[in-house]
Amino acid sequence: MTTLSAGTIHDKVPTDLRKILTDNTAARTTWENITPLARNEWICWVENAKLNETRTRRILRADHDLAAGKRRPCCWIGCIHRTDKEISPSVRGILEKKVKK
């Protein structure tokens, strides 16, 4: 089994994300060169999917984007599980809109 660095709050790489990172050398290289907070956001983004179809789509996108050298998931508000800092007002607004739906 390939050893992969994890995130800060999300300290385990999910199995499906682990598979693409072990199968794709370019994606794994980017993964190991980004910060733990950036890895945390990728993990949270994947795990936050409510539908299996969404999760599958995010895994495929992570494979492509990480291989292309992208350091963070696009259009992601960031990991809301962090406790080391307060949630920003803009993220709080987004989360409140989601609750109202």
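**Exercise 1.** Describe how the axes of α2 and helix α4 (residues 52–67) cross.

Solution. The two axes come within 7 Å and cross at roughly 75 degrees; axes are lines fitted to C-alpha atoms, for helices over the stretch in contact, and angles run from 0 to 180 degrees between N-to-C directions. Therefore α2 is roughly perpendicular to α4, the class for angles of 65 to 115 degrees. On the α2 side the contact (heavy atoms within 4.5 Å) is made by A26, A27, T30 and W31, and on the α4 side by D63, L66 and A67. By class, this contact has five nonpolar, one polar and one charged residues.

The model is predicted: local features need pLDDT of at least 70, side-chain atom pairs count only at pLDDT 80 or more, and totals for chains, interfaces and linings use all residues. Residues are numbered from 1 along each chain as its sequence is written, and side-chain values use heavy atoms, with hydrogens and water left out.

**Exercise 2.** Locate N24 and find which residues it touches.

Solution. N24 lies in the loop between α1 (15–23) and α2 (25–33). Leaving out residues up to four places away in sequence, N24 touches D63 and A67. The side chains of N24 and D63 are joined by a polar contact of 2.7 Å; the cut-off for such a pair of N or O atoms is 3.5 Å, and one must be able to donate a hydrogen and the other to accept it.

**Exercise 3.** State the secondary structure of the protein and its buried share.

Solution. There are five helices and zero strands, where helices are DSSP runs (H or I) of at least four residues and strands (E) of at least two. Of the 101 residues, 37% are buried, meaning under 20% relative accessible area with a 1.4 Å probe, protein chains only.

Notes:
Buried < 20%, exposed > 50% of the residue type's maximum accessible area, 1.4 Å probe, protein only. Parallel < 35°, antiparallel > 145°, perpendicular 65-115°, else oblique. Nonpolar A, V, L, I, M, F, W, Y, C, P; charged D, E, K, R; others polar.
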